[in-house]
Amino acid sequence: MKATTSFLAIICTAGMLAPALFADSVADNDKRISASVDVLQDIMGAGDRGIPRDLIQKAECIGVIPSLKRAGFIVGGQYGKGIVTCRVNGATGWSAPEIVRIEGGNIGLQIGAGETELVFAVMNKRGMDRLMSDKFTVGADAAVMAGPVGRETTAQTDAVAKAEILSWSRAHGVFAGITLNGATLRPDKDDNRALYGRDVSASEILTGQVKAPAAAAPLYTELRSFPARG
């Protein structure tokens, strides 16, 4: 009898905790979206020290990891969560944000532990297709290179033109292109479920089949200032 009572108590407690945990997860995702907007605004407003405007205008998708944690000496592991959104419905339309996580790999000659901000631009359909998969490895499954820095990319190199994904990082005030070789990127299914109230695939989110949360409004305000450019 005692065992049955204890079991029922556990079930009841779990039932009461579930809504609170769900609410916490939604709040965390809203904060993550807001933090991503802040990072994007800061970096795009940096002029000669930021991401070239024309690259954002040519990008099919934009991703932001506002807090990528790293550890180790010279080469270490990374872990972080952020968002990805892709162009839909014409020059200024963007999909609902997908919550993604990045793990492993390295970001070059980073000494010591700490956090960095990461922005990446998916430049073509091949790169966009990678985002629709359950998981892909940067550098192995997708052609990724460190993105150039400046107001405009006045001279496109063959490497930039052929890259599926360009990426940049900022840590301790230093902004530069990075390669992220060996890192894996995948959807965070639990966070996406919490954000949209059901199981939803990367394809549904990134092709505009999911309604965006209210927290994403400032993100679209920023991205609409970079209309699509061929």
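The protein has seven helices and eleven strands. The model is predicted. Of its 230 residues, 45% count as buried. Residues 24 or more positions apart account for 74% of the contacts with a separation of 6 or more. The accessible surface comes to about 11,100 Å², and carbon and sulfur atoms hold 57% of that area.

**Nonpolar core**

- The largest nonpolar core contains 54 residues, and Ile62 and Leu131 have the most contacts inside it.
- Helix H1, which spans residues 2–44, gives the most to this core, with six residues.
- Leaving aside residues up to four places away in sequence, Leu131 touches a set of residues that includes Cys61, Val84, Cys86, Val122 and Phe136. Leu185, Ala202 and Leu206 are also among them, as is Glu98.
- In soluble globular proteins, nonpolar side chains tend to be buried together.

**Strand pairing around E11**

- Strand E4 (residues 98–103) and strand E11 (residues 184–187) run antiparallel and are joined by four bridges.
- Within this part of the structure, Glu103 stands opposite Thr184 in E11.
- Strand E7 (residues 136–137) also runs antiparallel to E11, with two bridges between them.
- Thr137 has Thr184 of E11 as its bridge partner.

**Salt bridges**

- Side chains of opposite charge can pair when their charged atoms come close.
- The whole structure contains 14 salt bridges.
- One of them joins the side chains of Arg170 and Asp42, with an N to O distance of 3.6 Å. This pair links distant parts of the chain, since Arg170 lies in strand E9 (residues 165–171) and Asp42 in helix H1, 128 residues apart.
- Arg170 has a relative accessible area of 21% and is partly exposed; Asp42, at 44%, is partly exposed.
- Glu103 forms a salt bridge with Arg101, their closest N and O atoms being 3.5 Å apart. Glu103 counts as partly exposed because its relative accessibility is 23%, whereas Arg101 counts as buried because its value is 16%.
- Asp190 and Arg193 meet through their side chains in a salt bridge of 3.0 Å, N to O. Both residues lie in helix H5 (residues 189–196), three residues apart, which is about one turn of the helix.
- Asp190 counts as exposed at 51% relative accessibility, while Arg193 is partly exposed at 33%.
- A network of salt bridges links Arg32, Lys81, Arg101, Glu103, Arg186, Asp188 and Asp191.

Key: Residues are numbered from 1 along each chain as its sequence is written. This is a predicted model: local features need pLDDT of at least 70, side-chain atom pairs count only at pLDDT 80 or more; totals for chains, interfaces and linings use all residues. Side-chain values use heavy atoms; hydrogens and water are left out. Buried means under 20% relative accessible area, exposed over 50%, partly exposed in between (1.4 Å probe, protein chains only). Contact means heavy atoms within 4.5 Å. Accessible areas come from the Shrake-Rupley method with a 1.4 Å probe; for residues, only the protein chains shown count as cover. A nonpolar core is a set of buried Ala, Val, Leu, Ile, Met, Phe, Trp, Tyr and Cys residues joined through side-chain atoms within 4.5 Å. Two strands pair if DSSP finds at least two bridges between them. A salt bridge is a side-chain nitrogen of Lys or Arg within 4 Å of a carboxyl oxygen of Asp or Glu.
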